[in-house]
Amino acid sequence: MKKMLKGLLCAGLALAAVVPFVSCKKEATGPIELTIWTHEDQNRTALEKRFIEEFQKANPNITVNYVTYPSGKIKDIIVAGFAANQGPDIFNLEINDSYPFVANGRVAPVDTAAAGYKNQKALIDAYMDKMLDPVTVDGKVYGLPLELTNWCIYLNKKMMRDAGLDPERNAPKSWEDIMQISKQIAVHNGEIITRRGFDFRYPYYLISWMPMVEQLGGQLISDDGKTAIVNDAAWIRALDYMRDFGPRGANLGSPTYTAARKIFDNNNNEIAMSLSGLYQEQRMASTNPDFFKSDDWAVIPYPQWVDKKNVVPCHYYGHYYMVNAQKSKEQQSAAWKLLGYMLSHAEDYLKEVAIVQPMKSLFESETFKNMPYSNVFAEDLQKGTIVYYAENSPKIDALLKTAVESVMLSGVPSESALATLKKSVQEVLDEQ
């Protein structure tokens, strides 16, 4: 089973690609009802509901029910739905959560004709190199990308200046810088942090914490896929950093606080640095347009250790729209037709929601190039690798959470946490 997808080859960026034309011509079929389950995003919901309305007008035999759930709950809801054989027609999750559905035969392969493509080669050629690999099994593609996301650091330059730091000269480049700058910015009321310099993206450890380990030469799984946790020293150092950063160390951040990305732009000067994706810009433009239009913020690359062995940016991940294999062929075809229509509007998704579909044409568009700091995201993306995905990835992500948070919150020594993690991940591997 494929465990990792190495790199995003950007040589193909210069190649021309044609966004598929998707016909909205009415089909001679009986009434069809489709249900979509997706995660909440106010701006995307408005955009997709507009596409659905257009699609339904052109296809009056198809009715679409669009249902959103909180991003922290949707995985459990979808898992429960499929377990009861009552899953939706269409759904999306992060690839490390959705890949088990592919591996277990719960989703249908893309109906390329219904989605608006001449054939599968035309579908694959429309996307950047390897972007469909995570949803390709035995030569068949099982999902279409809603978005490809990587995270960089949003920097509040005003808070930097207020702490006596020059945001141009003192912008952090290393994890050592992050620690030192956070100490200079943080304000405490007893043990409570009232102002943070930086905080991590909890609980997305596979995406945003594993790169810290890999920068030091550590691996989650050995190259042959048989051994869990490679290079103990790298893991212990990364765990020690979390201990020193958290409540039992310098008390600079914690999983128990409001997510950094939710308060970054709220004018209350609560946090100076937050990990987030390009989509954060659209949210800032909606919630705090004055701040968004100001020169008080910037985006900088994902930090690296001073003595790094490898340059590893934050892992990127994708949300792929998938279709339930239990539905009738007519429903599957209608579902792919709807998805083909919605996803043929890549520039609209970028302009209105700031999410990136990994299409060659989009990355060459002026729309992408004109997004503030899109070059920072593109450069980190070029050097990045996709998050670990496999049938067992949800279990492993949960084990990482336990290990990191036991060190940060419960005072478990890094060596003990690592020993438990290694044993548990090995057991997961051995179950396959």
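Asn96, Asp97 and Pro100 in helix α3 meet Ser393, Pro394 and Asp397 in helix α19, where contact means heavy atoms within 4.5 Å. The six divide into two nonpolar, two polar and two charged residues. The model is predicted: local features need pLDDT of at least 70, side-chain atom pairs count only at pLDDT 80 or more, and totals for chains, interfaces and linings use all residues. Numbering starts from 1 along each chain as its sequence is written, and side-chain values use heavy atoms, without hydrogens or water.

**Helix packing**
- The axes of α3 (residues 95-103) and α19 (residues 393-410) come within 8 Å.
- They cross at roughly 145° (lines fitted to C-alpha atoms over the stretch in contact; angles run from 0 to 180 degrees between N-to-C directions).

**Helix α1**
- Arg44, Thr45, Leu47, Glu48, Phe51, Ile52 and Phe55 are buried in α1 (under 20% relative accessible area, 1.4 Å probe, protein chains only).
- These residues cover an arc of only 165° around the axis, which puts them on the same side of α1 (the arc is that of the directions from the helix axis to the C-beta atoms).
- Gln42 and Lys57, on the other side of α1, are exposed (over 50%).

**Backbone exceptions**
- Most residues other than glycine have a negative phi, and most peptide bonds are trans.
- Tyr202 and Pro203 are joined by a cis peptide bond, with omega about -5°.
- Pro203 is in the loop between β9 (192-199) and α8 (205-208).
- Ile229, in strand β11 (residues 228-230), has a positive phi of about 65°.
- Ile229 counts as buried because its relative accessibility is 4%.
- Ala354 has a positive phi of about 60° and lies in the loop between α15 (346-353) and α16 (360-363).
- Ala354 counts as buried, at 1% relative accessibility.
- Helices (H or I, at least four residues) and strands (E, at least two) are DSSP runs, numbered from the N terminus.

Terms used: Ala, Val, Leu, Ile, Met, Phe, Trp, Tyr, Cys and Pro count as nonpolar, Asp, Glu, Lys and Arg as charged, and the others, Gly among them, as polar.
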